[in-house]
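Please read this briefing next to the sequence and the 3D view. It takes the ligand site, then the overall fold, then some backbone details.

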Amino acid sequence: MKILAIETSCDETSSAIVEDGKIILSNIISSSLALHSKTGGIIPEVAAREQVKYIIPVINKVLHQSQVQFKENISAIAVTIGPGLNGSLLIGVETAKTISYACKIPLIPVNHVLAHIYANWLNTDKLPQFPSIALVVSGGHTELFLITSHNKIKWLGGTLDDAAGEAFDKTARLLKLGYPGGPAIAAAAAQYQKSIRQLSDKYKKEIKLPRPMIGSNKLEFSFSGFKTAVLREVNKLKETKQFNNLVIQQLSFEIQEAITDVLVKKTLMAAKLHQVKSILLGGGVSANQRLTEKFKLEICNLKSKISLHIPNPSLCTDNAAYIASYAFFHFHPKSWNTIQTEPNLSVEV
Ligand code: KG4
Ligand code: ZN
């Protein structure tokens with residue numbers, strides 16, 4: 001079964017055709033990121049205006065690339081209805097509704113956050129075994145789920161304030177590293193690791209950031225105080241005129257260490273509690289290589305048989321392929337005239 005999906009929840013305009021929830025025939029992502037990196041964050045109206053321009057060319061490109069005949073071969077249209085920016089969601093949802101009505105193709109509304117998990121079913125031989133713990137870490141979400149079957153996904157906990165991606169983005173802004181912050185912090189941290197091999201200890205500052213809620217036995221996260229702790233550190237370093245490139249790289253390293261420590265600790269806590277067979281990651285932050293390294297190491301230390309699933313970095317960030325996969329495993333079409341955008345759609349299932 002071939003599903004055509006549309007994803008426009010944030011700054012991306014993406015469409016994909018996926019077969020049987022697993023094989024990507026085509027996945028096109030057009031991003032307005034370059035426009036937003038100039039302003040240090042997403043301006044919703046700018047994002048939506050770009051999406052109006054790109055939605056039809058992106059769908060046409062997907063059809064052309066996959067060589068799929070629209071009316072004969074597409075079994076359903078899947079579309080992100082939320083959570084996300086309303087102006088952006090509207091572009092995808094109205095396009096999907098129009099196609100569904102005009103071509104009489106079933107329409108499946110999809111929750112973007114839950115769908116992130118399904119990147120783990122795409123283009124892989126190693127399919128996840130249930131029960132699983134899924135960690136979705138993106139710009140707006142840090143959520144833990146227990147999955148016992150495709151139809152039984154239970155929300156276990158999430159962030160009380162800022163998301164992990166937001167913590168990367170906001171601290172990167174404090175360090176003037178640009179947007180999106182996650183890849184920028186990761187690059188500066190890697191640079192620090194490279195430099196310290198060549199430098200003597202006198203160049204290394206004592207920088208230690210908090211690991212918020214790491215000692216609590218609740219499956220909750222909190223990153224808003226973390227950003228304040230980084231700001232305090234930045235101000236201190238500026239006062240003593242020690243705020244230079246090397247210090248920015250060292251701070252980036254410590255930011256990445258602190259955030260990834262918390263994510264790994266809480267996810268493993270949930271995995272042990274529910275004695276799962278697999279851990280699944282999804283969302284932009286799961287593209288972080290240090291996070292992968294730490295999960296591999298900690299799971300190895302546990303000497304358990306938990307299998308770790310992390311999508312290819314290009315499938316971690318927003319794209320329509322995992323929207324199609326989610327729709328295949330949750331095939332619940334709705335009539336086009338009952339579907340609308342839900343910017344605050346809950347993840348607490
Ligand atoms: O899933 P996503 O593409 O969009 C949302 O649904 O939010 O995630 C975007 C987030 C941003 O906060 C970005 O800084 C973060 O993912 N991110 C990363 C990395 N790549 C993207 N964070 C850490 N390390 C990365 N390599
Ligand atoms: Zn996302």
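**Contacts of ligand 1**

A polar side-chain atom of aspartate 169 lies 2.7 Å from an oxygen atom of ligand 1; a polar contact is a pair of N or O atoms within 3.5 Å. The model is predicted: local features need pLDDT of at least 70, side-chain atom pairs count only at pLDDT 80 or more, and totals for chains, interfaces and linings use all residues. Residues are numbered from 1 along each chain as its sequence is written, chains are lettered from A and ligands numbered from 1 in the order in which they are written, and side-chain values use heavy atoms, with hydrogens and water left out.

- Glycine 139 places a backbone N or O atom 2.8 Å from an oxygen atom of ligand 1.
- For glycine 284, a backbone N or O atom is 3.0 Å from an oxygen atom of ligand 1.
- Taken alone, ligand 1 exposes 560 Å², and the protein buries 87% of that (areas by the Shrake-Rupley method with a 1.4 Å probe).

**Shell around ligand 1**

- The shell contributes two or more residues from each of helix H5 (112-116), helix H6 (164-174) and helix H7 (181-196); helices (H or I, at least four residues) and strands (E, at least two) are DSSP runs, numbered from the N terminus.
- In total 19 residues surround ligand 1, and the closest are Gly139, Asp169, Gly182, Gly284 and Asn288; a residue is near if one of its heavy atoms lies within 4 Å.
- By class, this shell has 5 nonpolar, 12 polar and 2 charged residues (Ala, Val, Leu, Ile, Met, Phe, Trp, Tyr, Cys and Pro count as nonpolar, Asp, Glu, Lys and Arg as charged, and the others, Gly among them, as polar).

**Overall fold**

- The chain has 12 helices and 10 strands.
- Its C-alpha trace spans about 70 × 45 × 35 Å along the principal axes.
- With 349 residues, a compact globule would have a radius of gyration near 20 Å, and the chain agrees with 21 Å (taken over C-alpha atoms; the rule is 2.2 Å times the number of residues to the power 0.38).

**Backbone details**

- The peptide bond from phenylalanine 130 to proline 131 is cis, with omega near 0°, and proline 131 lies in the loop between H5 and strand E6 (132-137).
- Tyrosine 179 and proline 180 are also joined by a cis peptide bond, with omega about 0°; proline 180 is in the loop between H6 and H7.
- Aspartate 20 is a residue other than glycine with a positive phi, near 50°, and is found in the loop between strand E2 (12-19) and strand E3 (23-31).

Terms used:
Polar contact = N/O pair within 3.5 Å; in protein donor to acceptor, adjacent residues only side chain to side chain.
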